[in-house]
Amino acid sequence: MASTAGAARAYGRREPAPEGAVLAFDIGGTKLAAGVVDRAGGVHSFAVVPTDAARGPEDAMRRLFDLGRNVVDESGVPWEQIGLIGIGCGGPLDPVSGHLIAPPHLTGWVDVPLVARAEQALGRPAVLENDATAAAAGEHRFGAGAGTRNMIYLTISTGVGGGSVVDGRLYRGASGNGGELGHVTVDWQGRECRGCGRRGCLEAYVSGTSIAERAAEAGLAGATAADVAAGARAGEPRAVAVWDETVEALACGVTSIVNLFDPEMVVIGGGVSATGEQLLAPVRERVHAQAMSPAGGTVEIVTAALGDRVGVVGAAAIAIERTAGTVDA
Ligand SMILES: [Zn+2]
């Protein structure tokens with residue numbers, strides 16, 4: 001992962017927390033994360049436990065809130081300085097009522113009143129946001145996109161998620177679930193998308209899952225996205241072909257997104273982005289050549305800065321933003 005001044009500031013910070021630190025949670029399909037994050041993006045403590053989603057939401061929420069109490073104790077930040085709770089989770093969810101609706105990565109979790117339960121258990125106001133939207137807020141406020149007014153965040157891992165900051169504000173859409181940039185179509189007759197059931201979505205080509213699937217189809221059974229990237233660097237022809245298709249699909253999707261939003265910067269995070277310039281350099285070259293917008297010729301395309309803390313830092317950014325009313329503050 002690329003490093004910036006913002007990221008350096010976010011790691012390992014142990015100074016006293018400014019007024020009103022945030023207890024932040026990130027609920028993933030495999031991991032629950034919690035951390036204490038201050039208003040400068042400094043992470044004072046961070047811990048992860050397995051989600052064990054099959055044990056159900058009641059069991060998971062109990063363990064999540066216990067994890068939260070533990071990270072507050074470990075952070076050295078007094079409880080009275082924890083003013084807010086921020087929670088990021090995959091959608092669909094309702095950020096206004098604070099309910100999880102039926103997230104596909106949490107099978108059987110239907111209409112879970114997460115915010116109410118968090119407020120009840122922890123005694124502070126809580127906010128809930130789509131995790132990719134929260135990550136976009138984190139990268140915008142504290143990470144690679146700090147200082148931009150129009151920024152796109154894409155996370156490329158098992159699936160592909162996204163979020164956008166438009167004119168300095170997070171874009172949420174009518175129901176709070178906008179920014180599904182992984183489902184921008186790059187080939188309308190293309191591969192079936194596991195995430196949404198349509199064909200030819202960006203996610204159906206560039207997710208880690210898809211890279212592994214296409215590698216298997218090319219005769220590289222068992223190869224992960226990282227194996228394919230390594231094989232492409234070594235010049236293995238089948239890996240090169242799969243990798244080149246990945247680059248073309250990502251460049252196609254990012255070009256459409258740049259044409260739509262005219263952003264100053266596209267920030268790319270998630271496990272697949274760990275390949276860094278091997279992925280970004282050819283994508284950047286194609287987007288600059290193909291984008292219609294004049295700014296598309298110069299849009300910055302960079303790796304995310306917050307690494308594995310992006311979930312909790314993003315959830316904290318959302319809590320700060322909702323209470324301040326703007327991501328600019
Ligand atoms: Zn899709």
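Predicted model: local features only at pLDDT ≥ 70, side-chain atom pairs only at ≥ 80, totals over all residues.
View 1. Four residues hold out an atom to the zinc ion: His183 through ND1, and Cys193, Cys196 and Cys201 each through SG, at 2.0 to 2.4 Å. The angles between these four donor atoms run from 104 to 117°, so the arrangement counts as tetrahedral. For comparison, the ideal angle for four tetrahedral donors is 109.5 degrees. Along the chain, the donor residues follow the spacing H-x9-C-x2-C-x4-C. His183 and Cys201 both sit in the loop between strand E10 (169-171) and helix H5 (203-206), so this pair ties together parts 18 residues apart in sequence. Both His183 and Cys201 are buried.

**View 2. Asn150 in its loop.** Look for Asn150 between helix H4 (131-142) and strand E8 (151-156). Asn150 has a relative accessible area of 16%, and because buried means under 20%, Asn150 counts as buried. A polar atom of the Asn150 side chain lies 2.8 Å from the backbone nitrogen of Asp167. Beyond its neighbours within four places in sequence, Asn150 is in contact with residues including Val165, Val166, Pro263 and Met265.

**View 3. The largest nonpolar core.** This core has 41 residues, and Leu154, Leu250 and Val287 have the most contacts inside it. Helix H8 (237-261) is among the elements that each supply at least two residues, and H8 gives the most, with 10 residues. Leu154 touches, among others, Leu181, Leu202, Leu250, Val254 and Ile257.

Key
Residues numbered from 1 in each chain as written. Heavy atoms only, no water. Helix = DSSP H or I, 4+ residues; strand = E, 2+ residues; numbered from the N terminus. Buried < 20%, exposed > 50% of the residue type's maximum accessible area, 1.4 Å probe, protein only. Polar contact = N/O pair within 3.5 Å; in protein donor to acceptor, adjacent residues only side chain to side chain. Contact = heavy atoms within 4.5 Å. Donors = N, O, S within 2.8 Å, 3.2 Å for Na, K, Ca; no water. Tetrahedral: all angles 85-135°; square planar, octahedral: opposite > 155°, others 65-115°. Core = buried A, V, L, I, M, F, W, Y, C linked by side-chain atoms within 4.5 Å.
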